[in-house]
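Hi,

Here is the structure I promised to pass on. Have a look at it first, then read my notes below.

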Amino acid sequence: MANRPLLKDAPATTSVAVHKPSSMVSIADQIAAQAAAISERITAPSGNKIKLSPGAFSLPDGTKTPGPLELVIVDFVVKNSFYAGNFDANNIQPPVCFAIGTNPAKMVPSANSPEPQAKTCAECPMNQFGSAGNGKACKNERLLAVLPPDADSTTGMMTLNVSPTGLKGFDGYVGSVSRSFSTPPVGVITAVSLDPNKTYASLMFGDPVPNPDMHDHFARQAEAQALLATEPDVSGAKPAKKPAARSLVRR
C-alpha cells in the first residue's frame with residue numbers, strides 16, 4: 001500500500017441474549033447490571049476526534065496544522081442536537097434531544113433523548129429556521145468517520161464534525177463525487193480545508209482523486225457505522241426551560 005501524507009501541501013479548491021427466569025436473580029439485580037453497563041453503550045469515544053479552531057486542525061495525536069488534510073471519508077451520518085440554555089465553552093452540556101440517522105428528511109429523536117422535542121425532526125419547532133434568530137435552535141450536523149489515505153487495518157478511525165455552516169458545501173461535494181466518480185465518498189481521497197474567509201472554523205471539501213485503496217477502506221465501513229451510531233452520554237443533561245404558562249384570565 002503506497003504511503004500518502006495526511007497533510008496536503010496545497011489548498012483544496014443475532015444474536016439476542018435470552019435471560020432465563022431464576023429465583024436467584026431478581027429483576028432489580030438485572031436492571032442494576034444493565035444500568036452499570038449503559039456507559040459502555042452510549043459514551044462516545046473522545047480521543048479520536050479531529051478538533052477545529054479558527055485556522056487550525058488538531059489531530060488526535062496532538063498535531064496542530066492549518067491543513068488542508070487529505071482524508072478518506074469512510075462513511076457519515078446526519079446528526080441533530082438540541083441543547084438547553086446558551087452555549088458555554090467552560091461548561092459543555094449534553095443535548096436534551098438528539099437524533100442520529102442517514103436521511104435528513106426522516107430523522108426522529110432517539111429514545112434515549114432526555115426531553116424529545118417532537119415526534120420527528122421535520123415537525124419539530126426547534127428545527128425550523130427562525131427558532132434561534134435567523135437560524136435553528138437545533139444544531140444540524142454531519143458526523144464523518146475518516147481515515148488517512150495510507151491507513152491499514154490497525155489505523156484508528158477518526159471522527160470529524162461538519163457544523164451547520166459547512167453543511168451545504170459538504171452535501172454538495174458528496175453529490176458531486178457521486179455524479180463524477182459514481183461512488184460514495186469512500187471511493188475518493190478528499191482534501192479538507194478551513195474556509196480562510198471565515199473568522200470561525202468552517203470546513204470546505206474538494207479536490208477529489210480516485211482512492212487506490214478503496215476496497216481496504218470500504219471493508220471498514222461496519223466499524224465506521226458502529227462508531228457513528230454511538231450516542232452521546234446525556235446523563236448530565238440539564239432540563240430545558242419551559243415557557244411560562246399563559247393565564248386564561250383576561251385582565
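Before going on, some ground rules. This is a predicted model, where local features need pLDDT of at least 70 and side-chain atom pairs count only at pLDDT 80 or more, while totals for chains, interfaces and linings use all residues. Residues are numbered from 1 along each chain as its sequence is written, and side-chain values use heavy atoms, with hydrogens and water left out.

Now the overall layout. The protein chain has four helices and nine strands; these are DSSP runs numbered from the N terminus, with helices (H or I) needing at least four residues and strands (E) at least two. Their order along the sequence is α-β-β-β-β-β-β-β-α-β-β-α-α. The chain has 251 residues, and 37% of them count as buried.

Next, a pair of strands. Strand 4 (residues 69-82) and strand 5 run antiparallel and are joined by five bridges; strands pair if DSSP finds at least two bridges between them. If you want a spot to look at, lysine 79 stands opposite isoleucine 100 in strand 5. Strand 5 (residues 97-101) is largely enclosed by the rest of the structure, because four of its five residues are buried.

Finally, back to the charged side chains. The structure holds four salt bridges, each being a side-chain nitrogen of Lys or Arg within 4 Å of a carboxyl oxygen of Asp or Glu. Here are three of them:

- Arginine 142 pairs with aspartate 171, with the closest N and O atoms 2.8 Å apart. Arginine 142 lies in strand 6 (residues 138-147) and aspartate 171 in helix 2 (residues 167-181), so the pair ties together parts that are 29 residues apart in sequence. Aspartate 171 is partly exposed, at 34% relative accessibility.
- Glutamate 141 pairs with lysine 139, and their closest N and O atoms are 3.5 Å apart. Glutamate 141 is buried at 6%, whereas lysine 139 is partly exposed at 34%.
- Aspartate 195 meets lysine 198 at 3.1 Å, N to O. Aspartate 195 is buried at 15%, and lysine 198 is partly exposed at 33%.

Cheers

Note on methods. Buried < 20%, exposed > 50% of the residue type's maximum accessible area, 1.4 Å probe, protein only.
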